[in-house]
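Please look over the sequence and the 3D structure shown here before reading on.

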Amino acid sequence: MDFLITEAPSGHGGGFLIDCPRALAQGLADKLGFYKLRAKVAVENLSDSLGVLAAWEGDPAVTPDLAFADPRDAALGWRILVPAELAQKVADLIGADLVDSAAYEAHRIASGVPRGGLDFMYGDAFPHETNMDRLHGVDFDKGCYVGQEVVSRMQHRGTARTRTVRVILEGPSPEPGAAVLAGDKPVGTMGSTAGHNGLALIRVDRAADALAAGMPLTSGGLAIRVAEPDDLLIAPKQTVA
């Protein structure tokens, strides 16, 4: 699974806070607790006492203690960890309007940032497929980690063929999980949508060939188009000496 992590100031007990989907918090805490071995580390699930506010379209007027810039994309703004009952108070403090979470989801989708469990399945996607290499989620200078050899090979040989791309919906939204077709051939799968924006996990080489041949893309019988055709370009292979 993916998550964001920030260091808590000493006034809040120090340590590190992990920002992850609430439904997965306990499972992540259990997993981290299993691997701490004999280290003097405490792992606690705080999801019942802390929630997350996302603030975008400008920096907050005041930066709360438990706030950090979203490292994935500047367009996503800031993440603020706060108890749910203080959400309105914090919104007033930073000079923001408190809106429904659906507004953030629409902004996330329009920004082209995939969400685990909706746009890709945990445990069934490579980092490049979820654009983690473009969203500061992979350190290619780091040493060893699970899957490091495959990820590094995809990066340096330019072998990533499947990507999450932003698509424009010409009409109603296809169902998440619906196949994306070029003619009658599947080239991807739809993810989350909001308004006329959506995300899809696309086999970029096949989609590029279809568009070059003038063949439109559809999903669920509805026309869609790739918002940024350059997203279908495969990175050239890198060479080293």
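The model is predicted: local features need pLDDT of at least 70, side-chain atom pairs count only at pLDDT 80 or more, and totals for chains, interfaces and linings use all residues. Residues are numbered from 1 along each chain as its sequence is written, and side-chain values use heavy atoms, with hydrogens and water left out.

Helices (H or I, at least four residues) and strands (E, at least two) are DSSP runs, numbered from the N terminus. Two strands pair if DSSP finds at least two bridges between them.

**The sheet.** Three strands form an open sheet in the order β3-β5-β4, and their pairing is antiparallel. Strands β3 (51-55) and β4 (67-69) are at the edges with a single partner strand each, so one side of each has no neighbour in the sheet. On average, neighbouring strands of this sheet are turned by 25° against each other, direction ignored. Strand β5 (residues 78-82) is joined to β3 by five bridges; in one of these pairings, Val 52 has Leu 81 of β5 as its bridge partner.

**Arg 163.** Arg 163 belongs to strand β6 (residues 162-169). Its relative accessible area is 8%, so Arg 163 is buried (under 20%; exposed is over 50%, partly exposed in between; 1.4 Å probe, protein chains only). A polar atom of its side chain lies 2.9 Å from the backbone oxygen of His 128. The side chains of Arg 163 and Asn 131 are joined by a polar contact of 3.2 Å (a pair of N or O atoms within 3.5 Å; within protein, one must be able to donate a hydrogen and the other to accept it, and residues adjacent in sequence count only if both atoms are side-chain atoms).

**Salt bridges.** The structure has nine salt bridges (a side-chain nitrogen of Lys or Arg within 4 Å of a carboxyl oxygen of Asp or Glu). The table gives some of them.

| Pair | N to O distance |
|---|---|
| Arg 166 and Glu 228 | 3.9 Å |
| Arg 225 and Glu 170 | 2.7 Å |
| Asp 205 and Arg 203 | 2.6 Å |

Arg 225 lies in strand β11 and Glu 170 in the loop between β6 and β7 (179-182), so this pair ties together parts 55 residues apart in sequence. Arg 225 is partly exposed at 44% relative accessibility, and Glu 170 is partly exposed at 45%.

**Asp 92.** Helix α2 (residues 87-94) contains Asp 92. With 52% relative accessibility, Asp 92 counts as exposed.

Notes:
Axes fitted to C-alpha atoms, helices over the stretch in contact; angles between N-to-C directions.
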